[in-house]
Amino acid sequence: MAEERQHDKRVCIYPSYLDSKKSVSEGRRVAAAIAVERPIAPEIHDCCEHLKLASGIENKAYSRDYWVRGRVRVQLLKDDGTPANPEIPNRRVLLRRIAELLPKHPNRSERAQALRAAQQKAAAKQAAAAAPTASTKPSKKDKKAKKGR
């Protein structure tokens, strides 16, 4: 009658798990020292492919950080329960290995350069707006003060 649905046994990895700017209560699951700033799902997917693990990207959001879209589903175990990659027996080791690979991702260096350029541009614009403009003309208050009133 009713069809039984097979439970998806792949593990989920959200970018927040590996984000150095997040706290543990905000969802980070690796040490801040090995985490990277603003990882994205395609980079995580590429790292999983590099580790020879079957993975796929889904358009889902993490409940603690719902503005960042994307999650990666990784086939960590084979159907018989043995690890797909013997070097990665569990989720914690997988997260550490991905965190080690993310800084070396080719897309990450391009994004970092673009981010730094945008930050420098914004800082220069803010500094220009904050700089006081010297006026040679005295204001009305200055004139009144000079007259001694």
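**Exercise 1. What percentage of the 149 residues in the protein chain do buried residues make up?**

Solution. The structure is a predicted model, in which local features need pLDDT of at least 70, side-chain atom pairs count only at pLDDT 80 or more, and totals for chains, interfaces and linings use all residues. Residues are numbered from 1 along each chain as its sequence is written, and side-chain values use heavy atoms, with hydrogens and water left out.

Step 1. A residue is called buried under 20% relative accessible area, exposed over 50%, and partly exposed in between (1.4 Å probe, protein chains only).

Step 2. By this rule, buried residues account for 30% of the 149 residues.

Step 3. The accessible surface of the protein chain is about 11100 Å², and carbon and sulfur atoms hold 52% of that surface. Such areas come from the Shrake-Rupley method with a 1.4 Å probe; for residues, only the protein chains shown count as cover.

**Exercise 2. Determine the order of helices and strands along the chain, and then the order of strands in the sheet.**

Solution. Step 1. Helices (H or I, at least four residues) and strands (E, at least two) are DSSP runs, numbered from the N terminus. The protein chain contains 4 helices and 3 strands, and along the sequence they follow the pattern β-α-β-β-α-α-α.

Step 1. Two strands are said to pair if DSSP finds at least two bridges between them. The 3 strands make an open sheet in the order β1-β3-β2, with antiparallel pairing. At the edges stand β1 (11-13) and β2 (55-62), each of which pairs on one side only. Neighbouring strands of this sheet are turned by 30° against each other on average, direction ignored.

Step 2. Strands β2 and β3 run antiparallel and are joined by 6 bridges; a hairpin of 2 residues leads from β2 to β3. Ala61 has Arg69 in β3 as its bridge partner, and Glu58 stands opposite Arg71 in β3.

**Exercise 3. Locate three salt bridges and state which parts of the chain they link.**

Solution. Step 1. A salt bridge is a side-chain nitrogen of Lys or Arg within 4 Å of a carboxyl oxygen of Asp or Glu. The whole structure holds 8 salt bridges.

Step 1. Lys22 and Asp65 form a salt bridge at 3.1 Å, N to O. This pair links distant parts of the chain, with Lys22 in the loop between β1 and α1 and Asp65 in strand β3, 43 residues apart. Both Lys22 and Asp65 are buried.

Step 2. Glu58 and Arg71 form another salt bridge, their closest N and O atoms being 2.6 Å apart. Glu58 lies in strand β2 and Arg71 in strand β3, 13 residues apart. Arg71 counts as buried because its relative accessible area is 13%. Glu58 and Arg71 also belong to a network of salt bridges that links them with Asp8, Arg10 and Arg73.

Step 3. Arg97 and Glu100 meet in a salt bridge at 4.0 Å, N to O. Both residues, Arg97 and Glu100, lie in helix α2, 3 residues apart, about one turn of the helix. An α-helix has 3.6 residues a turn, so residues three or four places apart point the same way. Arg97 is partly exposed, with a relative accessible area of 26%, and Glu100 is partly exposed as well, at 44%.

Technical notes
Axes fitted to C-alpha atoms, helices over the stretch in contact; angles between N-to-C directions.
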